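Colleague: Could you take a close look at one part of this protein for me, the places where charged side chains meet? I'm new to this, so please go step by step and tell me what surrounds them too.

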Amino acid sequence: MPKKIIRLCFLFVLSVIITTGTYAQIRPSTDKNNPTTTAVPFLLIAPDARGGGMGDAGVSSSPDVYSLYWNPAKYAFSEKDFGVGIGYVPWLRGLVNDIGLASVAGFKKFGDKQAVAVSLRYFSMGEIQYMDDQGTPQGTFKPNEFAIDATYARKFSQVFSGAVAGRFIYSNLTPGYNNANIQTQAGTSVAADVALYIHKPLEIKGLTASYFDFGFNVSNIGAKISYNSTSTKSDFIPTNLRLGPSFTMDIDEFNRVSIMVDFNKLLVPTPPIYDTAGKIIDGMDPNVSAITGIIHSFYDAPGGFQEELREINVSVAAEYWYNKLFAIRAGYFYESPYKGNRQYVTLGAGLRYNVFGLDFSYLIPFEQNNPLQNTMQFTLLFNFDKLGEKGKQ
C-alpha cells in the first residue's frame, strides 16, 4: 500500500507540473499579461529563512515555530513542547536599507493532541518624503503594516490534524497625510485560516523510517480593506490556497532527506478585460464580496481554463538533515510569465544545537529583478522540550 501511495503522489505531482508548464509556454495571439494583485501583499512574504530557502515551500514540511504561516495544523505534530522564533526579511536591499519584514512567533503544545500559537509580522516601508503639486515638502512619514495572528491546532487521529487561525490586519500607507481633496485612513481587516495536515509513517525496505505528508491551507479568508473614508471602493486581501505533498526518508540514523511540492493560487478575482469605454468585454466583474470573489476565482479568468492554470504557482524543494543538527536546503519557485514572471532558485542552511537554532537563505532570480536578490535572510529559533524530560531528536 505505501508504494502505491508514493507512486500515485509522484504521478499526480508530475502531471500537474507538466500541465502547468505546458500551458504557461503556449502563447496564442490573444494572450496578455494579466497579473492578479491585492492589498497588503506583505501577508504573502515568507517570514522565515527555512521556507525562504526552499523556494517558498512549506505546507507539508515538518513542523517548526513558523508553521502558522505555512500550515498551522502542523503544530499538533510538533516534537517540541514549545518554541519561539525571531526573523527579519530585508526588502529591496539593493535600493534602500530601511524596508523590511520583522516577525516574532511562538507556539505551545498541550498534551499530545493540541497546540496554540501566536505571531506578529511588521512590515516597515521606510521613510517617505511627501510633496504637494508644486514640489513643496509636506513632511516625512513612515508607512507601515502589521498582522497579529493566533491559531489552535488539534490532532483528530494519529495521522490527521486540523487548525483554525484568526488574524487582525492593519495597513497605514499614508500616516499623517492630509489633503483637502483626498481623505485617507489606515485600512484594517480581520481574516481566518483553515488548515489540514496528514502525517503518515511508511514502511519501505532499506530505510530506517519514511513518511508521507500532505498539507492544505486556505489563508486570509476575510473582509476587503479600504483606505478612503469617503469612498465605497475597497480592495481584496490576499486570500490564498496552498496545498502539496512531501516525502521524507531516514536513510539511516544520521541522514534524512525530504522532497516537497507546493501549489499556490490566489483566491481573488482575476482582472477582466475592458474596452476603451471601461466596459467589461471578457471576464467577470471583480466588484464582488470577499466570499463571492473566492468562488469566482476558480472560473473568472478572461483566458478561461488555460489562464486559471497559469495562476497556479509551483514550488519544488529538497531538505537534507545530518543528525538533526545541520541542514542544507534548495528550492525552485515558478510563476507564469503572464502572471508576474517570478522565477527563482533559493539556497539555505540551518543549524540546531540544544534549544538554539539558526536558519538562513539566499535567493537567485532567473527572469526578473527580485526584492530579495543578493540578500541573506536569517531566522533565530529557540525550541524546548517539556521541563524535566529528555530532549527528543
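Modeller: Let's start with a word we'll need: a residue is called buried if its relative accessible area is under 20%. Keep in mind that this is a predicted model. Buried residues make up 47% of the 393 residues here, and the chain has 5 helices and 18 strands.

Now for the charges. Side chains of opposite charge can pair when their charged atoms come close. A search of the whole structure turns up 19 salt bridges. Which partners does Arg 167 have? One is Asp 149, at 2.3 Å from N to O. Arg 167 sits in strand β7 (residues 160–172) and Asp 149 in strand β6 (residues 144–155), so this bridge links parts of the chain 18 residues apart. Its other partner here is Asp 193, with N and O at 2.8 Å. Asp 193 belongs to strand β8 (residues 187–202), so this second bridge ties together parts that are 26 residues apart in sequence.

Are these side chains buried or exposed? Arg 167 and Asp 149 are both buried. For Arg 167 the relative accessible area is 6%, and that's why it counts as buried.

Asp 262 bridges to Arg 242, and their closest N and O atoms are 3.3 Å apart. Asp 262 is in strand β11 and Arg 242 in strand β10, so the bridge joins parts 20 residues apart in sequence. Both residues are buried. Salt bridges can also link up into a network, as they do for Arg 50, Asp 64, Glu 319, Arg 329, Arg 352 and Asp 359.

Lys 108 lies over the face of Phe 110, at 4.9 Å from the ring centre. Lys 224 does likewise with Phe 236, at 4.4 Å from the ring centre.

That brings us to the rings themselves. Two rings pair if their centres lie within 6.5 Å, and by this rule there are 14 aromatic pairs. Take Phe 254 and Tyr 322, with centres 6.1 Å apart and planes at 20 degrees, a stacked pair. Phe 254 is in the loop between β10 and β11, while Tyr 322 is in strand β14, 68 residues away. At 36% relative accessibility, Phe 254 is partly exposed, and Tyr 322, at 41%, is partly exposed too.

Elsewhere, ring pairs join Phe 42, Trp 91 and Phe 123 into a cluster. What else do these three share? They are among the residues that touch the most other members of the largest nonpolar core, a set of 20 residues, and Val 40 and Ile 45 are on that list with them. Leaving out residues up to four places away in sequence, the contacts of Trp 91 include Ile 45, Phe 123 and Leu 372. A separate core has 16 residues, among them Leu 68, Tyr 75, Ala 117 and Ala 153. In soluble globular proteins, nonpolar side chains tend to be buried together.

Terms used: Residues are numbered from 1 along each chain as its sequence is written. This is a predicted model: local features need pLDDT of at least 70, side-chain atom pairs count only at pLDDT 80 or more; totals for chains, interfaces and linings use all residues. Side-chain values use heavy atoms; hydrogens and water are left out. Rings of Phe, Tyr and Trp (its six-membered ring) pair if their centres lie within 6.5 Å; planes under 30 degrees apart count as stacked, over 60 as edge-to-face and the rest as tilted. Helices (H or I, at least four residues) and strands (E, at least two) are DSSP runs, numbered from the N terminus. Buried means under 20% relative accessible area, exposed over 50%, partly exposed in between (1.4 Å probe, protein chains only). A charge sits over a ring if NZ of Lys or CZ of Arg is within 6 Å of the ring centre and within 35 degrees of the ring normal. A nonpolar core is a set of buried Ala, Val, Leu, Ile, Met, Phe, Trp, Tyr and Cys residues joined through side-chain atoms within 4.5 Å. Contact means heavy atoms within 4.5 Å. A salt bridge is a side-chain nitrogen of Lys or Arg within 4 Å of a carboxyl oxygen of Asp or Glu.
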